[in-house]
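Welcome to a short tour of one protein model.

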Amino acid sequence: MNKEITINDFSQYLFWDVDLNGFDFEKHKSHLIQKVLEYGFMKDWRLLKELYGLETIKEVSLNLRSLDAVTLSYLSTIFKIDKTEFRCYKHRQLFPNLWNS
């Protein structure tokens, strides 16, 4: 049985800052993908893959301005792409954080 995915299928704590009444999967794609990648459970990751597919997740994640180091390493590994290809990696290098060097 294949039901349509809704925003309520994802972990609700991911969207504490979002009004879910007007949530549009296409319009808010980047926001949803980033939240799930950084803070979601495995069930959220599976839903995300089913909803968008790996190619779309890859395209969006390559252009995100920020990702934590663990998520960046994970995506780099599963997509077999060097970390330096991700926008968030390049952006981080432009603005080094002296406290974590």
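Which residues of helix 3 are buried? In this predicted model, they are Ile 57, Val 60 and Ser 61. Looking down the axis of helix 3, these buried residues fall within an arc of 95°, so they line one face of the helix. An α-helix has 3.6 residues a turn, so residues three or four places apart point the same way. The cover over the buried residues of helix 3 includes helix 1 (29-39), helix 2 and helix 4 (69-79).

**The overall picture**

The protein chain has 5 helices and 0 strands, and from the N terminus on its elements run α-α-α-α-α. Of its 101 residues, 34% are buried. The chain exposes about 7000 Å², and carbon and sulfur atoms supply 54% of that area. Looking at contacts between residues at least 6 apart in sequence, 45% join residues at least 24 apart.

Two packed helices are described by the angle between their axes and the distance between the axes.

| Pair | Angle between axes | Axis distance |
|---|---|---|
| Helix 2 (residues 42-52) and helix 3 (residues 54-62) | roughly 100° | within 7 Å |
| Helix 1 and helix 3 | about 90° | 10 Å |

Take the pair of helix 2 and helix 3, whose axes cross at roughly 100°. An angle of 65 to 115 degrees counts as roughly perpendicular, and helix 2 and helix 3 are therefore roughly perpendicular to each other. On the helix 2 side, the contact is made by Trp 45, Leu 48, Lys 49 and Tyr 52, while helix 3 brings Leu 54, Thr 56 and Ile 57. Sorted by class, this contact of helix 2 with helix 3 has 5 nonpolar, 1 polar and 1 charged residues.

Now the pair of helix 1 and helix 3, which pack at an angle of about 90°. That makes helix 1 roughly perpendicular to helix 3. Lys 29, Ser 30, Ile 33 and Leu 37 of helix 1 meet Thr 56, Ile 57, Val 60 and Ser 61 of helix 3. By class, the residues of the contact of helix 1 with helix 3 divide into 4 nonpolar, 3 polar and 1 charged.

How many of the 11 residues in helix 1 are buried? The count is 8, and helix 1 is mostly covered. Its buried residues are Lys 29, Leu 32, Ile 33, Gln 34, Lys 35, Val 36, Leu 37 and Glu 38. Helix 2, helix 3 and helix 4 are among the elements that cover them.

In helix 4, the buried residues are Thr 71, Leu 72, Leu 75, Ser 76 and Phe 79. Seen down the axis of helix 4, they fall within an arc of 135°, so they line one face of the helix. The face of helix 4 turned away from this buried side carries the exposed residues Ala 69, Val 70 and Thr 77.

Is Leu 47 buried or exposed? Leu 47 lies in helix 2, and its relative accessibility is 16%; since buried means under 20%, Leu 47 counts as buried. Leaving aside neighbours within four places in sequence, Leu 47 is in contact with Ile 5, Asp 9 and Phe 10. The C-alpha atoms of Leu 47 and Thr 6 are separated by 9.6 Å, although these residues are 41 residues apart along the chain.

Lys 49 is also in helix 2, and with a relative accessible area of 35% Lys 49 is partly exposed. Not counting residues up to four places away in sequence, Lys 49 touches Leu 54 and Ile 57. From C-alpha to C-alpha, Lys 49 and Ile 33 are 9.7 Å apart in space and 16 residues apart in sequence.

**A loop residue to look at**

Finally, turn to the loop between helix 4 and helix 5 (87-94), where Lys 80 is found. The phi of Lys 80 is near 55°, a positive value in a residue other than glycine. At 75% relative accessibility, Lys 80 counts as exposed.

Conventions:
Residues are numbered from 1 along each chain as its sequence is written. This is a predicted model: local features need pLDDT of at least 70, side-chain atom pairs count only at pLDDT 80 or more; totals for chains, interfaces and linings use all residues. Side-chain values use heavy atoms; hydrogens and water are left out. Helices (H or I, at least four residues) and strands (E, at least two) are DSSP runs, numbered from the N terminus. Buried means under 20% relative accessible area, exposed over 50%, partly exposed in between (1.4 Å probe, protein chains only). Contact means heavy atoms within 4.5 Å. Accessible areas come from the Shrake-Rupley method with a 1.4 Å probe; for residues, only the protein chains shown count as cover. Axes are lines fitted to C-alpha atoms, for helices over the stretch in contact, and angles run from 0 to 180 degrees between N-to-C directions. Angles under 35 degrees count as roughly parallel, over 145 as roughly antiparallel, 65 to 115 as roughly perpendicular and the rest as oblique. Ala, Val, Leu, Ile, Met, Phe, Trp, Tyr, Cys and Pro count as nonpolar, Asp, Glu, Lys and Arg as charged, and the others, Gly among them, as polar. The arc is that of the directions from the helix axis to the C-beta atoms.
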